[in-house]
Structures are given as C-alpha cells and as structure tokens.
Amino acid sequence: MKLKISDKKKKIIKRIYKIVLIFIGVIIVFFNDVFGKLEGFTEFLAFYFIVIFITILYWLFKQIRSIIRLKNEKAKTELLHLKSQVNPHFFFNTLNNLYGLMEKDSKERQMVLKLSDMMRYSIYEGQKDWVSLKDELNYLQNYIELQEIRYHKKSDVQFSHQINNPQAKIMPLLFIILLENAYKHGLENLAENAYIHMNLTESKHEVNFEIENNFETVQNSNHEGIGLVNLKRRLALVYPKKHTLSFDVDTNIYKVKLSIKLK
C-alpha cells in the first residue's frame with residue numbers, strides 16, 4: 001500500500017513540476033518587457049532555459065530507454081514463441097508408432113528411453129538461451145536412431161562430426177529443423193536409394209552444419225515451411241550478421257549449409 005501511495009505522490013510532483021515550468025514560461029513571454037528591466041533577470045532566464053533543456057534531455061532519455069526495453073522484450077517473447085513451434089508433431093507421430101510396437105518389438109525399451117531423452121531436451125533444455133554443442137549433437141543422434149527404427153526400409157544415413165570444444169554454447173534446436181526436413185521431403189517419400197549425409201564441425205568459434213539429401217523430383221523443393229521460416233527468424237534475432245544459411249538444389253539433390261559465429 002505504501003508503494004502505491006509513493007508512486008501516486010511521484011506522479012503528482014512531476015505534474016506540479018511541469019505546470020510550474022509552463023507557468024513561468026508563460027509569465028516570461030507575456031511580461032518580458034517588465035521583467036527585462038529587473039536586475040538579475042538575464043541570469044534567471046538563462047537558468048530557466050538550462051532547466052528546460054535538462055528536462056527535455058531527461059524526457060528523451062526515458063523515451064529511448066523505454067523503446068529499447070520494449071524492443072528487447074518483444075524480441076525475447078517472439079523468440080520463445082518461435083521455440084515453442086519447433087515441430088512438436090514429431091513426438092506425437094513417434095509415440096503413435098511406439099504404441100504399435102510396445103507388444104512385439106524387442107527395441108521398445110530403447111525407443112522409450114531415447115524418446116524420453118528427446119522430450120526432456122526439447123521441453124527443458126530447448127527453452128534455455130544456450131546449450132552445449134555436445135548436448136545438441138546427442139539430440140541429433142537420438143533423432144536419427146529413432147528414425148532408423150521408425151522407417152522399415154533400407155537407406156543411407158551418415159552423420160560425421162568433429163567438435164573441438166564440446167562445451168561451446170549455441171542456441172538450442174537449430175539443426176533439428178534441417179534434419180527433419182531431410183527426412184520429411186527426402187527419405188520419407190523415396191521408395192529406394194534414399195540418403196541423408198550430414199557433417200557438423202566446430203573450430204575457431206565457428207560452427208558449420210551441412211546436410212545433403214535426395215528427393216523425389218515431382219516434389220516442389222522450393223516450398224518453405226513454417227520450420228524454415230522460424231529458423232531464419234530465430235537466427236536473425238540471436239545471430240544478426242553472424243550467420244549464413246544457404247540452400248542449393250540440383251536436379252533431385254538438396255543441400256543446406258548453416259554457418260554460425262559463436263558469441
């Protein structure tokens with residue numbers, strides 16, 4: 001209760017201060033001829049304008065600070081919103097497949113374990129600002145192993161990686177979007193000879209992730225889903241002018257390269 005009264009008093013004092021300054025200014029304008037003859041008027045006028053100037057500067061400072069604060073809060077809110085949209089349907093699809101495998105597949109315990117690890121990472125670690133490259137790498141490997149169980153067809157999936165600093169920090173759930181797209185638009189629709197080749201490297205405070213997959217030529221490879229839109233927006237918010245994301249399509253081969261300069 002005291003805090004509310006104090007805030008109310010501050011507002012009243014600010015209003016009185018503004019009214020007094022305006023009132024003095026009006027008097028000076030209308031009675032300039034009279035006050036101009038008084039001794040010390042020039043010094044008073046200079047002091048008055050200094051006070052006005054300081055008041056204006058203070059007001060501008062508060063406005064700029066307010067705009068910056070709102071901009072930062074908007075960016076953080078938008079980033080959290082984008083993180084929450086990182087393909088949760090994958091978990092539901094996998095759980096449905098798991099339900100059908102529980103009674104007959106001997107790998108059911110392994111699937112449950114890996115899926116629980118991925119859900120934990122996505123829900124808890126995925127909401128953090130930064131995670132280690134090692135954790136992000138483990139997440140990708142779990143995803144690949146689950147997909148190998150899910151798809152009962154021969155495919156060539158290779159994931160090579162070389163990380164000098166496993167504890168290097170990076171924004172979570174970046175690479176998974178590109179990997180999911182490779183499965184969704186490539187391996188999932190190909191009856192045979194499907195492949196996905198990935199390479200993740202880190203050195204000298206820079207991370208490079210490359211992924212290549214083939215796809216059915218009748219598909220529209222230029223279509224950009226919500227996952228890629230979110231990825232680009234998240235990169236723009238967290239790594240402005242510190243990342244490159246390129247796409248290359250050649251007949252039925254799709255290549256993506258993401259480079260990030262770590263903070």
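Q: In which hand does H6 pass H7, left-handed or right-handed?
A: This is a predicted model. A crossing counts as right-handed if the near helix is turned clockwise from the far one by less than a right angle. For H6 passing H7, the hand is right-handed.

Q: Are H6 and H7 roughly parallel or roughly antiparallel to each other?
A: Two packed helices are described by the angle between their axes and the distance between the axes. Here the axes of H6 and H7 come within 10 Å and cross at roughly 15 degrees. Angles under 35 degrees count as roughly parallel. H6 and H7 are therefore roughly parallel.

Q: How many nonpolar residues does the contact of H6 with H7 hold?
A: From H6 come residues including Leu133, Leu140 and Ile144, and from H7 residues including Phe175, Ile176 and Leu179. Glu136 in H6 and Glu180 in H7 also take part. By class, the contact has two charged residues, one polar, and a nonpolar count of nine.

Q: Which helix holds Lys184, and is this residue buried or partly exposed?
A: Lys184 sits in helix H7. Its relative accessible area is 44%. Buried would need under 20%. So Lys184 is partly exposed.

Q: What distance separates the C-alpha atoms of Lys184 and Phe215?
A: Along the chain, Lys184 and Phe215 are 31 residues apart.

Q: Why does the Trp130 and Tyr239 pair tie together parts of the chain, and how many residues apart are they?
A: Trp130 lies in the loop between helix H5 and strand S1. Tyr239 lies in the loop between helix H8 and strand S6. The pair therefore ties together parts whose separation in sequence is 109 residues.

Q: Which residue of this pair counts as buried?
A: Trp130 has a relative accessible area of 34%, so it is partly exposed. The cut-off for buried is under 20%. At 0% relative accessibility, the buried residue is Tyr239.

Q: What kind of aromatic pair do Tyr143 and Tyr183 form?
A: Tyr143 is in helix H6 and Tyr183 in helix H7, 40 residues apart. Both are buried, Tyr143 at 3% relative accessibility and Tyr183 at 2%. Their ring centres are 5.6 Å apart, with 70 degrees between the planes. Over 60 degrees counts as edge-to-face, so the pair is edge-to-face.

Note on methods:
Residues are numbered from 1 along each chain as its sequence is written. This is a predicted model: local features need pLDDT of at least 70, side-chain atom pairs count only at pLDDT 80 or more; totals for chains, interfaces and linings use all residues. Side-chain values use heavy atoms; hydrogens and water are left out. Helices (H or I, at least four residues) and strands (E, at least two) are DSSP runs, numbered from the N terminus. Buried means under 20% relative accessible area, exposed over 50%, partly exposed in between (1.4 Å probe, protein chains only). Rings of Phe, Tyr and Trp (its six-membered ring) pair if their centres lie within 6.5 Å; planes under 30 degrees apart count as stacked, over 60 as edge-to-face and the rest as tilted. Axes are lines fitted to C-alpha atoms, for helices over the stretch in contact, and angles run from 0 to 180 degrees between N-to-C directions. Angles under 35 degrees count as roughly parallel, over 145 as roughly antiparallel, 65 to 115 as roughly perpendicular and the rest as oblique. Contact means heavy atoms within 4.5 Å. Ala, Val, Leu, Ile, Met, Phe, Trp, Tyr, Cys and Pro count as nonpolar, Asp, Glu, Lys and Arg as charged, and the others, Gly among them, as polar.
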